[in-house]
Amino acid sequence: MSSFDESSVSVDIASNVQSIRLGIRQAALRAGRDPSSIQFVAATKTVAPSVLVEAYRVGVRIFGENRLQEAQEKMPNIGLRQGLAWHFIGRMQSRKLKDIVGKFSLLHSVESVEQAHRIDTAAEKLGIQQDILLEVNVAGEGTKGGFSCKEMKEAIDQVDRLPHVAIRGLMTIPPFSDNPGGTRPYFSELRQLRDSLAQQRLIHGGVEELSMGMSHDYQVAIEEGATMVRIGTALFGKRG
Ligand SMILES: *Cc1c(COP(=O)(O)O)cnc(C)c1O
């Protein structure tokens with residue numbers, strides 16, 4: 001059994017990409033931001049390789065996978081393509097980390113200092129530096145992983161010492177809200193957290209990414225400073 005839906009989809013990927021790009025552009029301009037400073041990560045869970053090839057054809061360049069096994073099934077089908085990057089956006093189980101590190105150019109959801117240590121060890125073995133984001137559980141939901149806002153200062157201090165891990169920024173998945181504006185306070189809080197950490201010079205390196213916003217609220221996230229939006233449904237249609 002493969003992890004993705006083999007049936008061909010009837011959604012028009014090209015026109016979806018076009019409307020997402022327009023949405024990104026409009027939200028950026030509303031916020032006085034440069035639209036090209038926002039990266040669009042296609043959330044590709046359950047999406048078949050043939051559909052990913054089509055997405056690539058119409059300009060999508062970052063695929064964000066949630067599960068290692070599913071990604072491993074798809075990657076050989078897609079092969080190496082100019083400018084294509086794979087990100088890991090799902091929760092990472094400890095025993096899978098050694099297979100995740102090095103296969104994805106960015107890990108979005110590092111949720112503990114211990115996990116960062118494990119990533120560092122795996123990256124050292126490969127002789128690489130792994131780019132990561134730290135996931136922040138802004139609302140403090142018990143069901144979700146990630147750091148609390150309060151522990152971030154200390155956590156970054158510790159993770160920054162790991163030589164084979166590079167912190168590129170922060171990521172969050174806010175509590176679900178029917179109303180796109182309902183997530184705005186969480187996005188705003190993540191941006192403020194990043195700004196205050198940067199001010200304390202706790203984040204080294206140039207880029208300070210904010211991975212936040214999904215299909216229903218990516219425009220709000222961009223207005224609040226997102227530099228990466230993770231979009232599945234609005235691109236590929238509803239997951240089966
Ligand atoms: C599935 C997923 C998304 C995309 O969600 P949509 O609502 O389909 O756009 C974004 N981030 C993560 C971590 C996901 O698992």
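Reply: Two strands pair if DSSP finds at least two bridges between them. Helices (H or I, at least four residues) and strands (E, at least two) are DSSP runs, numbered from the N terminus. The model is predicted: local features need pLDDT of at least 70, side-chain atom pairs count only at pLDDT 80 or more, and totals for chains, interfaces and linings use all residues. Residues are numbered from 1 along each chain as its sequence is written, and side-chain values use heavy atoms, with hydrogens and water left out.

The part examined here is strand β2, residues 62-65. On one side β2 has Ile62 and Gly64, on the other Phe63 and Glu65, and all of them are buried, where buried means under 20% relative accessible area, exposed over 50% and partly exposed in between, with a 1.4 Å probe and protein chains only.

Strand β1 (residues 39-43) runs parallel to β2 and is joined to it by two bridges. Gly64 of β2 is the bridge partner of Ala43. Together with helix α2 (residues 49-57), β1 and β2 make a right-handed β-α-β unit; right-handed means that, with the strands pointing away from the viewer, the path from the first strand over the helix to the second runs clockwise.

With strand β3 (residues 85-88), β2 pairs in the parallel sense over four bridges. The bridge partner of Phe63 in β3 is Trp86. From β2 the chain crosses through helix α3 (residues 68-78) to β3, in a β-α-β crossover that is right-handed.
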